[in-house]
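Here's a quick walk through one protein model. Have the sequence and the 3D view open as you read.

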Amino acid sequence: MEIGVRITVDGVETTGYVVQIIEPEPPETRSPLDIDAIRPETFDILTNRERQVLVYLTAGLGNQGIADWLVISERTVRTHVSTILRKLHVRSSRVIGAMALMAGVVTTEQIKAVWRGDKIFPYDVEEDADG
């Protein structure tokens, strides 16, 4: 949309200026996150290994960082993250982290431990068959 503008400066009128108004593009179509529906049991469908990945993901580690901590390949981490996204019907790993914190599935103490470099999962964690 273009609008002609008349400007008067010190008694002199000037015309012909054009201002272009850029209308915002419509927001991306996505289903809104129902915050009230986020409960700890929402995460019950995740395997033990997916829950471990979730903690590191929530702490802000990238795929390679998570792979290093869990001594698995980066490709395996990507698979776990994709599975978590699919299971929880979410498109963004950042949203998953927020959900996990809101539900209390991941605690700030766990995140602090990751940032300190503490090993938060012992080596003898019982693995799932797919883990």
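## A loop leucine

Leu 61 sits in the loop between H1 and H2; helices here are DSSP runs (H or I, at least four residues), numbered from the N terminus. This is a predicted model, where local features need pLDDT of at least 70 and side-chain atom pairs count only at pLDDT 80 or more, while totals for chains, interfaces and linings use all residues. Residues are numbered from 1 along each chain as its sequence is written, and side-chain values use heavy atoms, leaving out hydrogens and water.

Buried or exposed, then, for Leu 61? Leu 61 counts as buried because its relative accessibility is 19%, and buried means under 20% relative accessible area (1.4 Å probe, protein chains only). Leaving aside residues up to four places away in sequence, Leu 61 touches Tyr 56, Ile 66, Trp 69 and Val 114, with contact meaning heavy atoms within 4.5 Å. Val 114 is 53 residues from Leu 61 along the chain, yet their C-alpha atoms are separated by 9.0 Å.

## Where H2 meets H3

The axes of H2 (residues 63-70) and H3 (residues 74-88) come within 8 Å and cross at roughly 110 degrees. Those axes are lines fitted to C-alpha atoms over the stretch in contact, with angles running from 0 to 180 degrees between N-to-C directions. H2 and H3 are therefore roughly perpendicular, a label for angles of 65 to 115 degrees.

On the H2 side, Asn 63, Gln 64, Ile 66 and Ala 67 make the contact; H3 brings Glu 74, Val 77, Arg 78 and Val 81.

Terms used. Helix = DSSP H or I, 4+ residues; strand = E, 2+ residues; numbered from the N terminus. Parallel < 35°, antiparallel > 145°, perpendicular 65-115°, else oblique. Buried < 20%, exposed > 50% of the residue type's maximum accessible area, 1.4 Å probe, protein only.
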